[in-house]
Amino acid sequence: MKHLEAIKQMVRNVINGFVFLVLLGSSFVCEAQQKDRLTKEQYEVIEGAFRNSGKDQTRIFFQTIDYKSWVHLLYGDYYREDWGIALCSFEDSKLEQAIDQLIDHVRNIQVKEFNPSKLGKRFVLVKDLTEQPYLSLTEPIIIGDYSFVLFKYPNSESLEVQKKNEKGEWVYEGSIPLYVVFTD
């Protein structure tokens, strides 16, 4: 009888261990899936970037882009001055610190598909690359009270900088034009 009880206990331990491993594995899968999605706050940053645009409709590419080489432009002498970068001033030293940290965060941006139900009604998602004009965005990068989103149009790129106000809303702080192609 003792032998039978010991075997039953071993079987229970194996089953419990298996259940634990399955639950642990599923939590890792859920966490990995979350990293593939934009957060609620990232959607709020996107909404804030267009809050005062005056447009009824904004056409954006259906997923974020992982274009990363633009960040190096922020650290050269061409854009950076003691007082700020392009149209963004360093009146708040936290903005300069956030920009200094930006390069580390840009390395981790990923391509993430937008969830239409989490975007405002003004946004129209474009999948066909021949449909013009449309805007491509990187996933919003949030560092402290500042957020950064690269806006990439066919003929221009700029970095939109927003700051979280006292109400918790993301509001325009400045823009850093990275390049513009003028056409006739």
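Visitor: Phe-123: buried or exposed?
Guide: Buried means under 20% relative accessible area, exposed over 50%, partly exposed in between (1.4 Å probe, protein chains only). Phe-123, with a relative accessible area of 9%, is buried. The model is predicted: local features need pLDDT of at least 70, side-chain atom pairs count only at pLDDT 80 or more, and totals for chains, interfaces and linings use all residues. Residues are numbered from 1 along each chain as its sequence is written, and side-chain values use heavy atoms, without hydrogens and water.

Visitor: How many aromatic pairs does the structure hold?
Guide: A pair of aromatic rings is described by the distance of the centres and the angle of the planes. Rings of Phe, Tyr and Trp (its six-membered ring) pair if their centres lie within 6.5 Å; planes under 30 degrees apart are stacked, over 60 edge-to-face, the rest tilted. This structure has four such pairs. Phe-50 and Phe-123 are edge-to-face, because their planes stand at 85 degrees, with centres 5.2 Å apart.

Visitor: Which parts does that pair tie together?
Guide: Helices (H or I, at least four residues) and strands (E, at least two) are DSSP runs, numbered from the N terminus. Phe-50 is in helix H2 and Phe-123 in strand S4 (residues 123-126), so the parts tied together are 73 residues apart in sequence. Phe-50 is buried too, at 5% relative accessibility.

Visitor: What pair do Phe-50 and Phe-151 form?
Guide: A stacked one, 5.5 Å centre to centre with 5 degrees between the planes. This pair links helix H2 to strand S7, where Phe-151 lies, 101 residues apart. Phe-151 is buried, at 7%. Ring pairs join Phe-50, Phe-123 and Phe-151 into a cluster.
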